[in-house]
Amino acid sequence: MARPLRLILIEDSDRDAAHIALELRRGGWAASMTRVETAEELVAALGEGSWDVIISDYHLPRFSAPEALTMVRERKLDIPFIVVSGAIGEDVAVGMMRDGADDYLLKDRLARLGAAIDRELEHATQRREKRRAESLFQAVLRASPHPGAIVDRTSGHVIDGSLSFARSFLGGASFPTTQALTDVIEFSQPARVEQLLARGSGTAWYTVYYAGGVGRVANIRCYTVEHEGTSYAFVVIEDVTEQHYLKAAFDAIPDAVLIIGADQRLLYANRRSEELFGTLYFGMDAEIVLSRDTLAPRWWLRTTSRYVAERIVIENQPHEATSVVFRFAGETSSSTILTLRNISEEVELERLATHDALTGAYNLRYLSEVLPQHIESARDDGGGAMAMIDLDYFKPINDELGHAAGDAALITFANTIRGELRACDVLARVGGDEFAILFPRLPIDKAQAELQRIFDRLAATPLRYDGSTRLLSASCGIVSIAAGESSEALKERADRALYEAKRQGRARFVVA
């Protein structure tokens with residue numbers, strides 16, 4: 001049975017429109033098609049209701065696919081946009097995809113039109129499900145019995161939160177606010193909470209705050225959430241005023257907490273500590289469980305109240321160790337409260353924040369952070385080079401063998417490059433099949449030698465996937481790093497050299 005499809009077709013040729021309609025029928029679609037040729041007609045069509053897909057020719061007498069795509073995206077319409085046109089340059093097609101088009105097909109190769117529509121409709125469904133999930137998350141956040149708030153870490157403003165938070169601290173006012181968390185809630189030590197928000201994760205244990213003029217105690221928990229390019233802190237205020245002050249509170253702490261006397265004998269350890277170290281007992285020597293060959297003797301000791309953190313590995317898991325000095329009543333020497341927090345997830349999140357999940361190369365965000373430093377160091381080191389390198393004919397691999405094969409090609413490509421680089425070189429994925437390579441303190445002639453080794457190895461490393469073998473090649477542009485130039489100017493020069501390599505026939509690198 002034919003599947004219904006509501007379609008806007010941006011096309012001025014009757015013949016091409018008929019060809020597309022035929023391909024849709026072959027693909028099992030019963031298309032309800034509205035054909036437009038101008039911007040005004042597109043605006044009118046978009047106002048007629050919901051649409052499943054938009055198919056657009058690239059060139060029309062009074063309109064174009066880029067203009068149409070801009071109109072659709074400016075209206076924030078999540079409608080798959082597929083360009084079907086005659087032969088245009090690959091750079092134009094790539095540009096359309098970067099600007100938000102979902103696919104590009106040649107008019108004389110429409111056999112995969114149905115599959116492209118299937119795929120993009122599935123992607124659109126997944127995006128709608130994601131939006132519904134986000135809406136559900138917000139409803140759950142609102143209903144939370146614990147006061148919780150989401151803080152924009154850039155502005156510091158409380159932008160959302162639970163109804164219990166609004167009742168307790170905003171007088172029932174709605175979100176968002178233009179106030180910082182420490183302005184909304186009166187803390188006895190606001191700097192401690194600000195430090196927690198700046199750090200982005202962790203817990204401020206037993207923080208004193210005031211509600212209705214009465215001092216209370218809470219654990220302020222903070223979690224970093226990266227969403228659509230912005231960093232947020234999710235803050236939960238867990239009131240522990242009525243809990244048992246020592247035993248119940250200490251055992252509820254997810255981190256290991258040890259209290260070590262001035263004579264370095266263990267005075268107290270919570271449940272998590274015993275999970276890490278096994279059986280612990282009062283009066284045992286702390287060095288038995290805490291000493292590490294890689295750390296200084298009695299590394300947990302310090303003489304000031306200033307915040308200090310140490311990294312220690314326990315059971316192959318990284319932990320952040322923080323110590324607080326204090327004195328028991330009547331003592332003249334200081335004892336220590338030592339907290340050990342498992343940061344394996346944070347370490348992994350930090351790695352994910354700077355690396356491409358597919359290839360393991362650094363990502364564009366990391367490259368943007370370190371590139372100014374390399375440009376600045378070139379002033380002192382007197383050297384350095386940067387290359388932009390593309391995997392040739394990546395789209396045919398995706399189209400003919402599937403996206404899994406495309407992923408395998410990118411992984412093979414990145415591993416091949418990485419295998420020939422120095423430890424100090426930086427490989428970053430900056431686009432779909434585009435990578436950047438930084439060669440710190442390396443003259444361009446020696447950087448070329450590294451590139452040649454990469455090209456030689458690439459030629460000897462074909463992609464083998466599901467019984468198919470494809471030879472891999474690359475196009476590359478390389479430039480010297482000029483001290484004082486901007487990051488954008490440097491990337492632009494390398495990009496121009498890359499496109500010159502493509503213009504000359506690919507499978508080569510061009511020095512500019």
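**Helix packing and aromatic contacts**

Helix 2 and helix 3 pass each other in a right-handed crossing. The model is a predicted one.

**Helix 2 and helix 3**

- Two packed helices are described by the angle between their axes and the distance between the axes.
- For helix 2 and helix 3, the axes come within 11 Å and cross at roughly 30 degrees.
- The residues that meet are A39, L42, V43 and L46 on the helix 2 side, and A68, M71 and V72 on the helix 3 side.

**The buried side of helix 3**

- Helix 3 spans residues 65–74, and its residues A65, A68, L69, M71 and V72 are buried.
- These residues lie on the same side of helix 3, because they cover an arc of only 160 degrees around the axis.
- An α-helix has 3.6 residues a turn, so residues three or four places apart point the same way.
- The cover over the buried residues of helix 3 includes helix 2 (39–46) and helix 4 (90–99), together with strand 1 (3–10), strand 3 (53–56), strand 5 (63–64) and strand 6 (81–85).
- Just after helix 3 comes K76, which takes a positive phi of about 55 degrees.

**The buried face of helix 14**

- In helix 14 (residues 394–401), the buried residues are F394, I397 and N398.
- Seen down the axis, these buried residues fall within an arc of 95 degrees, and they therefore line one face of helix 14.
- Their packing partners are strand 20 (384–391), helix 15 (403–418), strand 23 (463–465) and strand 24 (468–470).
- G402 follows helix 14 and has a positive phi, near 105 degrees.

**Aromatic pairs**

- A search of the whole structure finds nine aromatic pairs.
- One of them joins F169 and Y209 in an edge-to-face arrangement, with 5.9 Å centre to centre and 70 degrees between the planes.
- This pair links distant parts of the chain, since F169 belongs to helix 6 (residues 163–169) and Y209 to strand 11 (residues 202–211), 40 residues apart.
- F169 and Y209 are both buried.
- W299 and W300 also form an edge-to-face pair, at 5.6 Å centre to centre and with 85 degrees between the planes.
- W299 counts as buried because its relative accessible area is 10%, which is under the 20% cut-off.
- W300 is likewise buried, with a relative accessible area of 1%.
- F165, F169, F175 and Y209 together form one aromatic cluster.

**Charges over rings**

- R3 lies over the face of W29, at 3.8 Å from the ring centre.
- R506 places its charged end over the ring of Y393, 5.0 Å from the centre of that ring.

- Strand 26 (residues 508–511) contains R508.
- Is R508 buried, exposed or partly exposed? R508 counts as partly exposed, because its relative accessibility is 33%.
- R508 and S473 are 35 residues apart in sequence, while their C-alpha atoms are 8.2 Å apart in space.
- Leaving aside residues up to four places away in sequence, R508 touches F455, A474, S475, C476 and A501.

Terms used: Residues numbered from 1 in each chain as written. Predicted model: local features only at pLDDT ≥ 70, side-chain atom pairs only at ≥ 80, totals over all residues. Heavy atoms only, no water. Phe/Tyr/Trp six-rings, centres within 6.5 Å; stacked < 30°, edge-to-face > 60°. Helix = DSSP H or I, 4+ residues; strand = E, 2+ residues; numbered from the N terminus. Buried < 20%, exposed > 50% of the residue type's maximum accessible area, 1.4 Å probe, protein only. Lys NZ or Arg CZ within 6 Å of the ring centre and 35° of its normal. Arc of directions from axis to C-beta. Contact = heavy atoms within 4.5 Å. Axes fitted to C-alpha atoms, helices over the stretch in contact; angles between N-to-C directions. Left-handed = near helix turned anticlockwise from the far one by under 90°.
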